Amino acid sequence: KIDLTQVIIFFKSPKILTLNFLVWFCSPVLLGAWRLHLILTKLNFSMRFRTTAAYQGIGLFFNTAMPGSLGGDLVKSFLIYAHNKKKNMSGVLVSILMDRIIGMVAIVFLGIVFMLANLDTILVLPSLRPIIYFSIVLLMGLVSFLIIIFFPNQKLVSVVDKLLEHRYLGSFKKIFNALKSLHGNIHLFFKGFFISILAQVFVLFLFWYICSELGLSNIKFSSLMIIYPIGSLITILPIAPGGLGVGHVAYEKLFQMVGASGGANAFNLYFIGQMLLNLLGFLPFIFIKKKNQLTVKEMNEIELTA
């Protein structure tokens, strides 16, 4: 169902090329790096923002070559660990985990807000009801996890500490101890949350603009806001690089749920535009690779800890 001839729109419309670059540079690169940098700073990692931004770009590059949209997180973890050799891998994993969770909370929150604002559409189209149920359950689960982290119950913490005393649970103990350093820092979540909301608004505007350029006038911005969060979560599945194929099918079906068509084409243009820009992350990777080269011993330590 993909019309590959539509790709020529990138060459016909300089506006799409310019907007695509601006959104990519502002949203996943700068705003994504800002959110991650806040968490790393709170966990006492010593790193300049420009270094975090470079690692963010490298992570985006590896998202184009590894299954799902999480492959780059693994590479970022190695780089951050190498940059802060006195730190353990547990703190690195916690920073990447919290970065992802805060981003997911923001995007699901946006989806639910627009779902509730368009209840008439939800009620008319029964096929959308499972989406709102799933989104609410997912948001509740993520928020519950964050509450436990930022507002811990001391009795619960003591119980978990005792359970993790087992010698085979040493790695989990380190991660749990790293999470403790975030206790009481709820302001960190709110800062990351608002950064994520801003980033998602930029991406949504780009997606909607691509739809309008394709002539998909049958998809409203409010409808796109309802289905976009679910589509984004589906592309995380580690099946193909950057959600290739998975995202195409997901958005084709999601568009159909709101009575629209062309979902696969819209995602295809968004996918190609973002993936081509992600390749720019190879440039900082070349310069940083030699500087942060890991020894075999360090790699073994990382694997054991992870």
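At what angle do helix α5 and helix α11 pack, and how far apart are their axes? I am working with a predicted model, in which local features need pLDDT of at least 70, side-chain atom pairs count only at pLDDT 80 or more, and totals for chains, interfaces and linings use all residues. Residues are numbered from 1 along each chain as its sequence is written, and side-chain values use heavy atoms, with hydrogens and water left out.

Entry on packing. I find α5 (residues 89-117) and α11 (residues 221-234) at an angle of about 145°, with axes 8 Å apart; helices are DSSP runs of H or I, at least four residues, numbered from the N terminus, and axes are lines fitted to C-alpha atoms over the stretch in contact, with angles from 0 to 180 degrees between N-to-C directions. The contact (heavy atoms within 4.5 Å) includes Met104 and Phe114 of α5 and Phe221 and Tyr228 of α11.

Entry on salt bridges. I looked up 3 salt bridges, each a side-chain nitrogen of Lys or Arg within 4 Å of a carboxyl oxygen of Asp or Glu. Asp99 and Arg35 meet at 2.6 Å, N to O; Asp99 lies in α5 and Arg35 in helix α2 (residues 14-42), so the pair ties together parts 64 residues apart in sequence. Asp99 is buried (under 20% relative accessible area, with exposed over 50% and partly exposed in between, 1.4 Å probe, protein chains only), at 4%.

Entry on the network. I note that salt bridges link Asp73, Lys76 and Arg100: Asp73 to Lys76 at 3.5 Å, and Arg100 to Asp73 at 2.8 Å.

Technical notes. Helices (H or I, at least four residues) and strands (E, at least two) are DSSP runs, numbered from the N terminus.
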